[in-house]
Amino acid sequence: MPPDSTHCCVHSQGFTPVVVLTGAMTVVCFAFVRNPPGAGVEAAVARTSADDARLAPAPEPELRGEPAKMTNPYRMDSFLWRIHGVSALLVIPQFAFATYGLIWLIANQHISAGIAGGIVAASQIVGALGRMVVGGLSDRLGSRVGLLRVVAIAAVVFVAAIALLSLSPKPIIASVVFILASAVSVADNGLAFASVAEAAGPRWSGKAMGTQNTGQFAMSAILGPGFGALITVFGYPLSFAFVAAAPLLSLGIIPKHDIDRIT
């Protein structure tokens, strides 16, 4: 078999599980995922014939301005635009660690590849648990943007710590700080996503959440080669100092109060 054919076969075998898995998930989505009932369903069954005898008919509601389904939350205030901007800035540390964290641990802190891989894996687990903790805390406190501000401050502190640690190898301290910094860098995602859905309302939440993800992925696409270029020119300490400026800038954009157009 020619070398090119072998190469194609290897890639095809690696591609097959992805096709099978995504195909299976497609079938599951078609079988079980359903849209929620319309908002008027519960109201329609709320009254009975006995109620009609006691209650006078309700007056027709007045339409003020645009219908709910036509009201564009992006035109009502700057809240959604500000959350999108904040999220685009806060995703910079996340993808800096995700893309170059392993290399930083090996090349800058002189940690072996196997141990560095374990540290990165631990940071992902801690980050996943941290998202749940932060999300639950925001429910209890009744505030998304207040906690988002705390996360942004923590991101500035931890990314700056990574920049300082880049000046000289301190493997043990660097490992602990890297895990905490990586966890903090992903803690804002759930807060911002929930905040966007609440502020957009039920009619616009799909578009708003899609816009949210698009902005973050666009920033992450730029960050990969961009941060690599920074490291090449300035080295790790100054490059991470630049990254720390992103959550610092976000502090001036985070709204002061939450907006909830769902409840």
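How many salt bridges does the structure hold? There are 3 salt bridges, each a side-chain nitrogen of Lys or Arg within 4 Å of a carboxyl oxygen of Asp or Glu. This is a predicted model: local features need pLDDT of at least 70, side-chain atom pairs count only at pLDDT 80 or more, and totals for chains, interfaces and linings use all residues. Residues are numbered from 1 along each chain as its sequence is written, and side-chain values use heavy atoms, with hydrogens and water left out.

**Stop one: Arg-144**

Select Arg-144. Its side chain meets Asp-139 in a salt bridge at 2.7 Å, N to O. Arg-144 is buried, at 15% relative accessible area, while Asp-139 is exposed, at 52%. (Buried means under 20% relative accessible area, exposed over 50%, partly exposed in between, with a 1.4 Å probe and protein chains only.)

Arg-144 sits in the loop between helix H6 (113–141) and helix H7 (145–165), and Glu-198 in helix H9 (188–200), so the pair ties together parts 54 residues apart in sequence. Helices are DSSP runs (H or I, at least four residues), numbered from the N terminus. Glu-198 is buried, as is Arg-144.

Show the three together: Asp-139, Arg-144 and Glu-198 are linked in a network of salt bridges.

**Stop two: Arg-261**

Select Arg-261 and Asp-77. Their side chains meet in a salt bridge, 2.4 Å from N to O. Arg-261 is in the segment after helix H11 (236–250), and Asp-77 is in the loop between helix H4 (73–76) and helix H5 (79–108), 184 residues apart. Arg-261 is partly exposed at 24%. Asp-77 is partly exposed at 25%.

How values were computed:
Helix = DSSP H or I, 4+ residues; strand = E, 2+ residues; numbered from the N terminus.
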